Amino acid sequence: MRNVKLSKLWDSLRSSYWFLPGLMAVAGMVLAFGMLALDQSETIKTGELGWIYAGGPEGARGLLSAVASSMVTVAATSFSITIVALQLAASNFGPRLLRNFMQDTGNQIVLGTFIATFLYCLLVLRTIYGEDYNLFVPQLSVTMGIALAIASIGVLIYFIHHASTIIQASHVIAGVADELDDAIDRLFPEEMGKAKGEQHPVISPIPKDFDVQVSLIRSTHTGYLQVIDDQSLLKLACKYNLLFRLMAQPGEFIAKGDCLVLLYPKKQVNPKTIHTINQAFLLGKERTEQQDIEFPINQLVEIALRALSPGINDPFTAIRCIDRLSAGLSRLAGRPLPSAYRYDNHHQLRVIAEPIAFKQLVGMAFTQIRHYGKSDVAVMLRLLKAIAQIASHTHRPQDRLALEQQAEMILHGSREGLSQPRDQQMVEDLYHQVVETWRT
């Protein structure tokens with residue numbers, strides 16, 4: 001089982017602009033010392049290699065100086081362009097999308113390449129003196145500097161293309177949709193059955209005195225609940241013969257003093273147990289998609305709502321978001337929902353964690369778009385088509401009922417928002433087609 005704390009640490013490192021460029025800068029320094037050591041060892045006869053740099057020390061110094069100074073300039077320019085792209089993303093798609101741009105590996109590699117090339121040239125340059133002082137020229141090191149400069153030109157060309165691509169609405173929406181698919185695959189896997197040869201466990205009931213003998217374990221910190229280390233809770237419950245009912249879900253904002261879990265029996269409560277439980281609930285300054293499937297859905301909804309605002313008035317972007325939401329919910333509708341009950345190896349009930357309901361996700365995906373897009377006939381029609389698409393993948397009656405309720409609200413909303421009778425009739429005709437498809 002993957003350590004959730006390491007996973008959270010890795011997620012925060014991926015969202016930083018210092019980790020990968022820092023690693024590449026260290027790699028550039030190591031490469032410089034390695035190439036200089038190879039030059040000094042004279043294990044390679046450079047005179048027999050026609051492509052090795054063969055100039056004097058003054059030429060080598062001028063060459064490396066030009067590369068180093070240009071790398072600093074290009075790195076500063078690329079960083080400025082990245083900041084402008086982040087500002088555009090925050091204004092057009094919402095500030096919560098900044099995290100997606102911060103996780104973009106391409107920008108981090110570009111910045112790291114320029115910095116690593118600069119440091120490499122700087123370290124090699126310090127070993128080359130004038131012709132009257134030292135005739136040693138690290139020819140292999142200078143040649144590697146030329147190769148890094150050529151590679152940096154290729155990276156610059158890539159960056160120009162990449163910077164103009166990542167701010168396009170289609171690219172942003174597709175990236176968030178991929179995160180939604182990954183969250184569905186991670187939190188709702190297709191195969192949730194038992195291992196081969198495993199017998200059906202004997203279900204242990206909830207103790208009759210659970211409501212009387214429970215103790216509220218409250219949070220000692222404030223922030224958004226990013227990850228719950230359920231394995232740590234399960235180990236703690238097995239060790240002290242406890243039963244937990246989780247009262248918070250990933251994505252919720254937890255204030256200091258809010259209830260995290262109900263612990264049974266309350267006689268087992270002590271400061272060490274309270275500290276261990278709080279350590280299993282990892283809080284942060286912002287939401288993440290690690291265990292929070294609502295977060296990518298909210299991001300797509302936010303993009304759609306900004307597109308539907310009077311200042312932008314871009315229903316086509318909103319329709320793209322609806323298409324991605326329908327694809328994600330269709331994927332989820334065919335997955336089995338996890339059980340709320342977690343057992344140990346002896347089939348003893350240890351943790352109760354209610355999973356998020358499909359109805360809640362459907363409402364989260366379509367309610368606000370339906371409200372703010374009710375005056376646009378294209379948006380309302382696409383919402384009904386999305387409902388129909390999701391319904392074709394559902395197999396649970398309660399999920400279909402949630403979709404039927406959304407379709408009815410879309411119909412009523414169109415009657416309020418659409419001023420033209422023909423537009424209203426188009427929505428109503430499509431609604432009846434969708435309903436007839438369900439009944440057949």
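Visitor: Which residues does Ser414 touch, leaving out those up to four places away in sequence?

Guide: In this predicted model, Ser414 touches Lys374, Met380, Gln424 and Val427. Ser414 itself is found in helix 14.

Visitor: Why is Ser414 called buried?

Guide: Buried means under 20% relative accessible area. The relative accessible area of Ser414 is 0%, so Ser414 is buried.

Visitor: What makes helix 13 roughly antiparallel to helix 14?

Guide: The axes of helix 13 (residues 377–391) and helix 14 (residues 397–417) come within 10 Å and cross at roughly 170°. Angles over 145 degrees count as roughly antiparallel, and therefore this pair of helices gets that name.

Visitor: Which residues make the contact between them?

Guide: Helix 13 supplies Met380, Leu383, Leu384, Ile387, Ile390 and Ala391. From helix 14 come Arg400, Leu403, Gln406, Ala407, Ile410, Gly413 and Ser414. By class, the residues of this contact are nine nonpolar, three polar and one charged.

Visitor: How do you know that the buried residues of helix 8 line one face?

Guide: In helix 8 (residues 230–240), the residues Leu233, Leu234, Leu236 and Ala237 are buried. Seen down the helix axis, these buried residues fall within an arc of 165°, so they line one face of helix 8. Lys235 and Lys239, on the other side of helix 8, are exposed.

Visitor: What covers the buried residues of helix 8?

Guide: The cover includes strand 2 (223–228), strand 3 (243–246), helix 9 (271–280), strand 6 (281–284), strand 7 (341–343) and strand 8 (349–352). Just after helix 8 comes Asn241, with a positive phi of about 55°.

Visitor: What makes the buried residues of helix 9 line one face?

Guide: Thr273, Ile277, Asn278 and Ala280 are the buried residues of helix 9. Down the axis of helix 9, they fall within an arc of 155°, and therefore they line one face. Exposed on the other side of helix 9 are Pro271, Lys272 and His275.

Visitor: Which elements do the buried residues of helix 9 pack against?

Guide: They pack against strand 1 (215–218), strand 2, helix 8, strand 3, strand 5 (259–264) and strand 6.

Visitor: Why is Gly56 called partly exposed?

Guide: Partly exposed covers what lies between the buried cut-off of 20% and the exposed cut-off of 50%. Gly56 has a relative accessible area of 33%, so Gly56 is partly exposed. Gly56 is found in the loop between helix 2 (19–41) and helix 3 (57–93). Gly56 and Phe136 are 80 residues apart in sequence, and their C-alpha atoms are 8.8 Å apart in space.

Visitor: Why does Cys121 count as buried?

Guide: Cys121 has 0% relative accessibility, under the cut-off of 20%, so Cys121 counts as buried. Cys321 has a relative accessible area of 0%, and therefore Cys321 is buried too.

Visitor: How many disulfides does the count come to?

Guide: A disulfide here needs a pair of cysteine sulfur atoms within 2.5 Å. By this rule the count is zero.

Definitions and conventions: Residues numbered from 1 in each chain as written. Predicted model: local features only at pLDDT ≥ 70, side-chain atom pairs only at ≥ 80, totals over all residues. Heavy atoms only, no water. Axes fitted to C-alpha atoms, helices over the stretch in contact; angles between N-to-C directions. Helix = DSSP H or I, 4+ residues; strand = E, 2+ residues; numbered from the N terminus. Parallel < 35°, antiparallel > 145°, perpendicular 65-115°, else oblique. Contact = heavy atoms within 4.5 Å. Nonpolar A, V, L, I, M, F, W, Y, C, P; charged D, E, K, R; others polar. Buried < 20%, exposed > 50% of the residue type's maximum accessible area, 1.4 Å probe, protein only. Arc of directions from axis to C-beta.
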